[in-house]
Structure formats: structure tokens, C-alpha cells
Amino acid sequence: MDAKELKEKFHLSDEDVTKPLPKPARWSKAFWEGAKQRRLLLKKCKDCGHVDHPPYLYCTECQSDNSQWVEASGKATLYAFAINEYGVPFAFMPDLPYVTALVDLPEGPRMLSSIVECDPKELKNGMELEVVFEDVSAEITLPKWRPARKSG
Amino acid sequence: MGKGDFAIIGTGEVPCGLYPERSEYEIAYTVARMAVKDAGIDMKDVGAVLTAAHIMGSEYNTEMFFGHLPEAIGAKNCRNVATVVAGGGSSFAIRRTAEGILASGQTDTVLVVHAQRFSQFSVNEQIKYFAHAGSNLEWEIPYGMTYNALAAMMSQAYMNYTGTTIEQVASHVVACRKWANLQPNAMFYSKTVTVEQVLKSRMVAYPLTALMCNVLADGGSAYVVTTAEKARKVCSRPVYLLGEGSDYSHRNIFNPKATFKDMTRSHEFYAPIAKRAFEEAGLGTKDMDIFEVYAAYPALALSMMDALGFVEPGKSGALVESGETSPGGKYPCTTNGEALGFGHTGTGVGFALFVESVRQLQGKAGKAQVPGARFLIENCGGGAWMDAHFSVLGNEIP
């Protein structure tokens, strides 16, 4: 069912069938600007070296303001996943079934994201992934992950 | 605040289920009177009234914030009124607050009330709320996260890394239902279920089927907590707070504390918390007659059991499958059926399990009574498993 059919069937508003997008905070803006340029950025403390994801106003390890954005390798491994089939907000119903997952980055952080370009039956804990970028609006690009493609 | 300084002397509870005509006010008034009557005291003895917030904001919350309840129930000597909320951990947070009020010496009697009515909201409102409630608006919601997806990922990790089977996960749903079938106030009191039915129910978020997920319900409960000294004067069987332990891990499920990062080893996060509660009580796993486990989803309940010392970590599924946590088993777990059997009343799941704990130790648990129960451990926690609290209770001070 697409958004138009959902609206008619369940008497929904445009808002009900519109996917919520991130509203970047002052301290996370660089992450979303990076994603738009196909770069996966992580906030790293220049004082203690801690990498924070999600990024916050200051380093959650030492409270320093002295941070820099570093580009991640774009590789990760699959820690866990769920295949969503029912009972999701209306805006996501046209996407069913879809995969939400926890992925572990070699840089340290774990991220919540989607696994795309993959038959959910092929998913395996620990499998290697690579980042892809999906433009969802003029301002917002969501980093997502797909099974790593053997290079060369 | 030390071992056995405070005690619960009375409880009240209304049936859990869908009762759209029964307002939160009616629930609150009803359970307040029941608890005070059960405690054998007068409403005028109550010096503080604490309410838990309705997890999905409602007009009731605003009224409670403005001190509605003491006037409405006739707590004419109430000196302290407050709402306390910490998501699913509210049951513990409110008890800690009650202990603080008692320790201040301003009053020796605190009434704690929880009331919830989800059925005032549409299904869409509930789905939207519970997507947002468990997940982060900026980092998770844009990916179509829901509470069920959150639990599904954690369950998938737990099963994969411990070798727990989906049949074993389903067995905990069945065990919870068996307990609920002995509880007249449970949403699923008259509905039995089999492992096969659990597995065949609609897939919601693999690996979780519909019967492994919670049904939001209306309900409420209350209890009276007092000093041990007063408890002994007014109550023939007080239930003492013997030991407590707490820890906080995270807001976002992808950003947990190191000890909670690996689902094969989540017991390393939970076990030290339980240990603190045991140590304060001067008791251990072998002294427990009941394990009142609250995790809302079955695989996560197994990960919690892994931490309590009566089963080898990772083997809780096999134990539950053997029937030993069900009624009549060697390790009675979750005797009101918790969210999966009693019903999910938001902040109230922990309250319902706590009130059930008190009933068990007072010998008032009816058909679900574990014979001769003296000591038990119960837990609650909130958010995306953000925190964990264990409490050891007993009808005597060891």
C-alpha cells in the first residue's frame, strides 16, 4: 500500500504518512552535512581521543569542547538485526518488510541503521558491511549499510 | 536507610485490560482506598501521596502535578505530594522517593499510586508514541524504529550469541500466561496459550511474533509504605525492603555501557546490581523463593534470569522450557505474568509486579501463591533497557 492508499483507507493526514526526518542540533549538524557529501563523520575529542556517537555538545568522556570531525572508514560488521513486518508507524508501512540493525564500526561506535540492497534471509551476525548514502530530502541524507562487496 | 527500615503494609489493584470507560482518576481513587484499607490504617494517617506519571501524557498527569490526588481521596493530613517518573523504572524511583520522605521523619506513612489508561488513545497514536518512546528522534526514528524492533534486535542478538532457540523464547511467554491464568486481575486471566500458538502468531519484527510482544492495557495499583516500627504495630505481616541495587547504562540502545554492549554477557551488567541488593539484604540466590523478573519481552527476561545465579548464563531458555519457572516449578519466576500475561500498563508493569511481590510475601496471592514464600528478588527498568533496579523483599528481617 502506498501513502495515498493508506491515507484513504485509514483517514490519515499528510503528517501521518510522512517519514520523520532528523532535526540536526547545533552539535550534530556537521554529521548530517557530511552525510550529504557521502562522508560518514564521527566526533572525536582532541583532548582524550574519545569518539562520541551520537555526538553531543561536548565530549562525554572528559567534557572537553575541543573536538574534531573525523571521517570513518565506511566499514562495519553486523551486530544484530530485526526484520520489521508489521505494526510500524504508517509512514513506514510502504517499506515493509525492512531491516533495522545495530552495526559495529571499527572506529569504536555502534550505530542504529538500516540494511539495504540485501535479501533479509542472507543476513548473518558478524557479516561485513559497507556504508551507502540515501538522500531522503533536499537537506537530509541517511547513512545506511549493505553487505560489503568484494573489491577487485 | 538500611536493611528492613521500611515495610509495605497494604496493596490495592484493579483488573488490567481494556476499559475505556474507566478513567485514570477512577483507577487512582479506587486503588488508593483499597491499599489503605488493606493496610488496616486510616486515610488520615497518610502523610505523603506519590503518583507515577501516565507514560503517554494525558490531562491526568497535569492534574496530578497540581496536587489533585490527596484532596480527592481524603488524605487530609498529607504534607508531601509529588509525581515521580522514570519510564519503566518508575516503580523503583518512586519507592526510593518514598524511602527518602520516610527517612526525613516528616511522616511515617506514604501512599504510592499508579493509574494508566491507554485505551483513550487511537492505535496509531499508540504506535507512534511507542516508536518515539524507546528510540531517539534524531538517530533512530528516521530509520523506522519501533519499540518492538528495538526488542527484536536485542532478542536476535541474545538468541544468536547464546544459542537460545525460538521455542525456548516462546516458552517464557507460555510460562507468563500460566501465571496470568492464576491471576484474576490479569488481562490474559482466561486465555491460555501454547508454544506452537506463540510461534504461529503473526510475525511483527523478526524474530518476534505478535504473542512475544506486549499489548498495551489500562490498569493501576497502589501500596502503603511505612517505617518498620509502625508496620509491626499495625500489620500482622509487613513486607520489608531488605536490599536494593541500581545502575544506569544508556539512552540509546546503540550506545550502552561496556558491560551491556555484548548481549551474551548482559548478565555482567545485571549481576552486580542484583549482587548489591543481595548483599544489603544479607541473602543470596539460594534464599530466594521467587524471582519476579520484569523485562517486557521474553528473550530479555531470559537475559535477566541469566544474572540471578540460579542458572548458568545463557541457559535460561532451557530452564524455562523445562517448566521450572512456571507454577509448581523449582524457580517460580514472574508470578503475575508481567507485561506478557498481566498486561502492559506503561510505567505500571513494575508497579504490578511489585504489588504482586508484596501479596506473595503476605500470603495473599490466591491461586498463584508460592507456598511458604519468605524472600524474593524483583526488578524493574526503563527506556531502551536504560537502567536496572533489583530489590530483595522479605516477610522477615534475616
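Strand S4 (residues 75-84) of chain A pairs with S5(B) in the antiparallel sense over two bridges, where pairing requires that DSSP find at least two bridges between the strands. Within this predicted model, Ile83(A) lies opposite Tyr206(B), a residue of S5(B). Helices (H or I, at least four residues) and strands (E, at least two) are taken as DSSP runs and numbered from the N terminus.

The contact between the chains draws 34 residues from chain A and 30 residues from chain B, two residues being in contact if their C-beta atoms, placed from the backbone, lie within 7 Å. On the side of chain B that touches chain A, two or more residues each come from helix H5 (123-134), helix H6 (147-162) and strand S5 (203-206) of chain B. The most is given by H6(B), with eight residues. By class, this side of chain B comprises 18 nonpolar, eight polar and four charged residues; Ala, Val, Leu, Ile, Met, Phe, Trp, Tyr, Cys and Pro count as nonpolar, Asp, Glu, Lys and Arg as charged, and the others, Gly among them, as polar.

Chain A itself contains two helices and eight strands, in the sequence order α-α-β-β-β-β-β-β-β-β. Its C-alpha atoms fill a box of roughly 55 × 40 × 25 Å along the principal axes. Of the 152 residues in chain A, 32% are buried (20 or more other C-beta atoms within 10 Å of the residue's own, with C-beta atoms placed from the backbone). Among contacts in chain A with a separation of 6 or more, 51% join residues 24 or more positions apart.

Residues are numbered from 1 along each chain as its sequence is written, and chains are lettered from A and ligands numbered from 1 in the order in which they are written. For this predicted model, local features need pLDDT of at least 70 and side-chain atom pairs count only at pLDDT 80 or more, whereas totals for chains, interfaces and linings use all residues.

Definitions and conventions: Buried ≥ 20, exposed ≤ 12 C-beta atoms within 10 Å, placed from the backbone.
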